[in-house]
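Subject: Structure handover

Hello,

Here is the structure we spoke about. Please open it and keep it on screen while you read the notes below.

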Amino acid sequence: MSFPYFHVRGSAFERGKQLGELAQQQIMHNIDTYRALFWEMSQVKWASARAHAVQYISWIERYDAEILEEIKGMSEGSGQDLLDLIVLNARSEIITNLAGSHVPSDGCTTMTAVPEITKNQEMLLGQNWDWNNKVKPGLILLEINQAPRPTILMVTEAGIVGKIGMNSAGVGVCLNFLGTSERGMGVPIHVILRGILNSRTLPQAVGQVARFPRGTSANYLIAHKEGEALNVETTPTNYDVLYPTAGWIAHANHFISPRMLMIEDTARIMSPDTHLRLGRASKQLAHCGKNIDVDALKQIMQDHCGSPDGICRHGELFPPDLGRPMISSTVFSIIMNLSKGTFELAAGQPCSEPYKAYQFTNQ
């Protein structure tokens, strides 16, 4: 299978309106799905989610007024209430802040390798995105022409302004959910992802993470076609940056920065598989030496050690009587070649779904 591909351009409001019209079905699906998931996972009613989401409007506007205009355009184009679109863009914060620290969110295993250790001297970046399979019908491929800002090509949940992908300036970003007991108010992580994808350089991208308090904890693995990568671990009020001194870095769902080791790391409690996934990815990357290529990353993405909670996750196999929410399986796998400005996407678990290549339409 593949996800629908949409291409929008124009002013921020026009882009949003175009997408709202094109992806109305997917946006409505995501609103309905999260209405059900909020209650199923954490007994949060949609009305409570909407009331909480009001606080994020001013944060989004302060962070980047254009992003808020795009959300307003999506609201008009799709015929959905603006606050419902704000809920989608703050869905991680709502799950974390209303439901408490022991409700899991999207997991994921990410990795990157710089040209010095890749077989063809290319900048590679990728991840498996793990979440509830119910969201799959709401996923889209989206290309955004937003001159003078870089063009963006990403995979996202329709209605959400930023997620996993790359831009025409050579910046790419992947995401891991992290958890702490710290509660705060700030910019939603999906809005920060859009800020990263609006950037032209790695320093600008890190600045987009750091310049405001954040709504919840997350890890951003960011790379650039120049051949460098940085990993940014964040809490709502603190962050640290890790550099791939060995030429590669992998990340899962627990903090690994020495600066962060004394915090209460709640995501690793809900996702104890995070340690094995990180270990497996790191060991296999190291074993590749200087021969890492796209095929090598595909092999790592298909790793089932610890199944059903391996890098290629089949967590939906857990029976309900184990007391675990049946939410976490690999929804898609993506490998970006930032040197070429292309990525390959498996629209499902990479052990069974083939990868398909994508690039910017003007290339």
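E344 and K298 meet through their side chains in a salt bridge, 2.7 Å from N to O. E344 belongs to strand β13 (residues 342-346) and K298 to helix α11, so the pair ties together parts that are 46 residues apart in sequence. E344 is partly exposed, with a relative accessible area of 22%. K298 has 15% and is buried. Keep in mind that this is a predicted model.

Salt bridges

Side chains of opposite charge can pair when their charged atoms come close. How many salt bridges does a search of the whole structure find? It finds 21.

Look at R313 and D273 next. Their closest N and O atoms are 2.4 Å apart in a salt bridge. R313 sits in the loop between α11 (294-301) and β12 (329-337). D273 sits in the loop between α9 (267-270) and α10 (274-287). So this pair ties together parts that are 40 residues apart in sequence. R313 is buried at 2% relative accessible area. D273 is buried too, at 10%.

Then go to E66 and R15. Their side chains form a salt bridge of 3.2 Å, N to O. E66 is in helix α4 (residues 65-78) and R15 in helix α1, so parts 51 residues apart in sequence are tied together. Is E66 buried or partly exposed? E66 counts as partly exposed, at 31% relative accessibility. R15 counts as buried, at 3%. Both residues belong to a network of salt bridges that links R15, D64, E66, E70, R149 and R194.

The sheet

Now find the open sheet of eight strands. Its order is β1-β4-β5-β6-β7-β8-β9-β10, and the pairing is mixed. β1 (5-9) and β10 (239-242) stand at the edges. Each has a single partner strand, so one side of each is left without a neighbour in the sheet. On average, neighbouring strands are turned by 20° against each other, direction ignored.

β1 and strand β4 (residues 139-145) run parallel and are joined by five bridges. H7 has E143 in β4 as its bridge partner. Helix α1 (residues 12-22) lies across β1 and β4, and runs at about 155° to β1. Helix α8 (residues 202-210) also packs on the sheet. Helix α8 touches β8 (218-224), β9 (228-234) and β10, and its direction makes about 5° with that of β9.

Move on to strand β6. Four bridges pair strand β5 (residues 152-157) with β6 in the antiparallel sense. β5 and β6 form a hairpin with six residues between them, and G159 in the turn has a positive phi of about 100°. β6 is also joined to strand β7 (residues 171-177), antiparallel, by two bridges. There, G165 stands opposite V173. The hairpin of β6 and β7 has three residues between the strands, and G170 takes a positive phi near 100°.

In a regular strand the side chains alternate between the two faces of the sheet. Which residues of β6 (residues 164-167) point one way, and which the other way? I164 and M166 point one way, G165 and N167 the other way, and all are buried.

Aromatic rings

The structure holds eight aromatic pairs. A pair of aromatic rings is described by the distance of the centres and the angle of the planes.

Y5 and Y358 are stacked, with 6.2 Å from centre to centre and 20° between the planes. Y5 lies in strand β1 and Y358 in strand β14 (residues 356-359), 353 residues apart. Y5 is partly exposed, at 31% relative accessible area. Y358 is buried, at 10%.

W59 and F212 have ring centres 6.4 Å apart and planes at 90°, so this pair is edge-to-face. W59 lies in helix α3 (residues 46-63) and F212 in the loop between α8 and β8, so parts 153 residues apart in sequence are tied together. Both W59 and F212 are buried.

Ring pairs also link F3, W129 and F332 into a cluster.

Two arginines belong here as well. R62 lies over the face of W59, at 4.6 Å from the ring centre. R211 has its charged end over the ring of Y63, 4.1 Å from the centre.

Best wishes

Notes
Residues are numbered from 1 along each chain as its sequence is written. This is a predicted model: local features need pLDDT of at least 70, side-chain atom pairs count only at pLDDT 80 or more; totals for chains, interfaces and linings use all residues. Side-chain values use heavy atoms; hydrogens and water are left out. Two strands pair if DSSP finds at least two bridges between them. Axes are lines fitted to C-alpha atoms, for helices over the stretch in contact, and angles run from 0 to 180 degrees between N-to-C directions. Contact means heavy atoms within 4.5 Å. Rings of Phe, Tyr and Trp (its six-membered ring) pair if their centres lie within 6.5 Å; planes under 30 degrees apart count as stacked, over 60 as edge-to-face and the rest as tilted. Buried means under 20% relative accessible area, exposed over 50%, partly exposed in between (1.4 Å probe, protein chains only). A charge sits over a ring if NZ of Lys or CZ of Arg is within 6 Å of the ring centre and within 35 degrees of the ring normal. A salt bridge is a side-chain nitrogen of Lys or Arg within 4 Å of a carboxyl oxygen of Asp or Glu.
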